[in-house]
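Morning, everyone. Please look at the structure first.

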Amino acid sequence: MREEVPAVVESGLDDVWTSVPHPVIVTDADGVIRSASRKARAALPGLRTGRHLSECAPWLWDTHTRPSGAAPAPTATGPDGCTAQPTPLPHGEVAWWLIAPGRPGTTRELRAARRELSRERERANFLDEVSAVLMASLNADRCMESIVRIAVPRLADAAVVIAPPTGQRLEMVCAAGVVEHRRIEADPATIAGLAEALRGFPPVPSRWIDPNSLPEWLIPTDFTGTVGSVVVTPLPGHGVPAGALVLLRHSVKSAFDDGEEVFARLFAARAGAALSAARLYAEQAAITRTLMDELLPPQLAHQHGVEIAGGYRAAEDHQTVGGDFYDVHPATAPGDETLVVLGDVCGKGLDAAVLTGKIRNTLQALAPLAGDHGHVLSLLNRALLSAAHTRFATLVLASAARRDDHVTLRLTSAGHLAPLIVRRDGSVEETGTRGMLVGVVPEIHATTCETMLQPGETCLLYTDGVTEARGGPLGDELFGEARLAAAVSECAGLPAEAVVERIMMLTAEWIRQRGHDDVAVVAITAPRRGRRAPDSVKSSLQGGVSS
């Protein structure tokens with residue numbers, strides 16, 4: 001026997017072909033040796049990866065050389081009677097299978113090797129399809145259903161996916177034909193290897209598991225006959241176990257062999273990755289929903305005889321939070337002031353929403369000091385300047401209290417649009433409060449104005465998402481302050497909810513499906529008891545915006 005010459009391993013492909021139990025040489029289209037099995041290196045001295053075929057086997061190179069586009073010759077014969085049969089590979093490569101003269105069983109071994117290679121290719125294609133199907137869904141329940149549907153009948157007669165246990169409760173999906181969801185209280189330790197698989201430990205060989213010991217809760221309802229062989233393997237996740245996979249085979253079939261168990265583990269690795277990704281997505285989505293609920297504006301209602309209503313629309317339809325916000329801090333007792341805050345953070349989207357949350361939390365703590373609006377704004381300004389951000393905000397504070405049949409208001413703007421007041425006769429006034437925006441300079445100044453709302457009168461707080469909304473016939477005209485004032489005038493005598501609904505509706509009609517900024521509106525109304533809105537006002541609520 002000739003001594004084997006070490007080969008230089010240049011890629012993962014070489015490792016695959018080296019372990020083939022038959023003499024085989026893999027060359028590229030130019031005749032450079034890409035890989036070779038150990039038996040081929042032993043048969044041909046000097047055979048090395050990277051060398052040219054003409055240097056190691058000139059007789060094979062003569063056959064390998066073909067006109068451009070022509071297939072390799074059926075066989076090549078060496079001087080010692082050795083023959084080689086080609087198998088075309090992707091990218092112009094060729095696998096040459098060497099057959100020694102007169103060796104018994106050589107053809108049979110070659111056929112067996114080719115069958116094994118074909119089976120491995122089928123398995124590789126199947127696993128690729130599995131990954132594509134399982135990663136298409138980020139819903140954990142649907143992912144578990146897909147795992148058992150794919151596993152039956154490709155891997156076994158029945159399949160069970162078990163999620164990591166919560167106490168003594170097990171959640172599983174099983175199928176032999178029809179998919180079932182089960183939630184039971186059971187001890188996984190009653191099944192050999194299951195408790196270990198759920199913790200991510202390597203699987204035990206299937207021959208160690210007694211099929212007769214399986215409990216009924218593990219076997220699918222439509223599994224007929226008796227269990228003859230069982231595979232229990234973990235579902236590896238992203239850092240933590242994703243569960244376990246149990247495969248069942250009928251007793252009339254042969255037991256799982258070593259190759260099938262390895263293939264089951266390869267399948268489980270892909271299934272575990274997909275299931276882990278789905279659960280991670282669900283967890284992050286739940287966290288996001290919780291945070292969003294805290295960032296969304298609150299539901300408003302009457303506060304000690306004062307009607308307060310709000311409306312909000314984020315800049316993008318797929319987002320639920322943004323840079324505009326409003327909040328209400330109710331009075332502790334009748335006759336005390338309720339603090340209403342409406343603001344606009346520079347920017348939009350989630351980054352602006354984060355600063356919005358910080359401002360709302362800070363104002364929640366400062367609400368007891370709302371008797372002095374200037375002091376509250378100064379403290380908020382300091383808090384924003386100390387944070388690591390470059391955004392600023394505009395605000396308007398409104399303190400409202402019921403006095404007999406009217407409502408008193410104190411209004412302070414910090415760089416924000418002045419609120420509008422619609423009187424009972426339909427006239428609209430712009431309040432005289434002005435101030436500096438917060439979060440830019442160390443010291444800010446703002447003026448506070450006081451006014452009174454008679455029954456049926458409303459004070460409207462709004463953001464520039466209303467007045468700067470672009471729309472109209474050509475889609476480039478601003479809604480504007482004049483159009484807003486006209487719309488507010490039509491709302492004289494209406495409840496706060498109706499005023500907000502009217503302004504939000506007109507803004508949406510003006511924008512239509514175009515892009516827009518965040519929109520926030522708050523109405524503070526002195527209740528008008530015992531009287532209905534005039535018909536002219538009712539009809540105005542049915543109409544739209546004229547351009």
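I will start with one arginine and then move to a cavity. Keep in mind that this is a predicted model.

Is arginine 182 buried or exposed? Its relative accessible area is 14%, and buried means under 20%, so arginine 182 counts as buried.

Now for its side chain. At 3.1 Å, the side chain of arginine 182 reaches the backbone oxygen of isoleucine 219. There is also a polar contact, at 3.2 Å, between the side chains of arginine 182 and threonine 221. If we leave out residues up to four places away in sequence, arginine 182 touches Leu170, Glu171, Met172 and Cys174, and also Glu216, Trp217, Leu218, Ile219, Pro220 and Thr221.

On to the second topic, empty space. Rolling a probe the size of a water molecule over the atoms shows where such space is left. How many cavities of 30 Å³ or more are there? The count is two.

I will talk about the second largest cavity, which holds about 40 Å³ of space. Its lining is made up of Pro203, Val204, Ser206, Val231, Val232, Thr233, Glu261 and Arg265. Two elements give two or more residues each to this lining, namely β9 (227–234) and α8 (258–295). Which element gives the most? That is β9, with three residues. Sorted by class, the lining of this cavity has four nonpolar residues, two polar and two charged.

That is the end of my part.

Conventions: Residues numbered from 1 in each chain as written. Predicted model: local features only at pLDDT ≥ 70, side-chain atom pairs only at ≥ 80, totals over all residues. Heavy atoms only, no water. Buried < 20%, exposed > 50% of the residue type's maximum accessible area, 1.4 Å probe, protein only. Polar contact = N/O pair within 3.5 Å; in protein donor to acceptor, adjacent residues only side chain to side chain. Contact = heavy atoms within 4.5 Å. 1 Å grid on protein atoms, 1.4 Å probe; cavity = no way out; pocket = protein on both sides within 12 Å on 5 of 7 lines; lining within 4 Å. Points joined across faces, edges and corners; volume = space filled by probe spheres on them. Helix = DSSP H or I, 4+ residues; strand = E, 2+ residues; numbered from the N terminus. Nonpolar A, V, L, I, M, F, W, Y, C, P; charged D, E, K, R; others polar.
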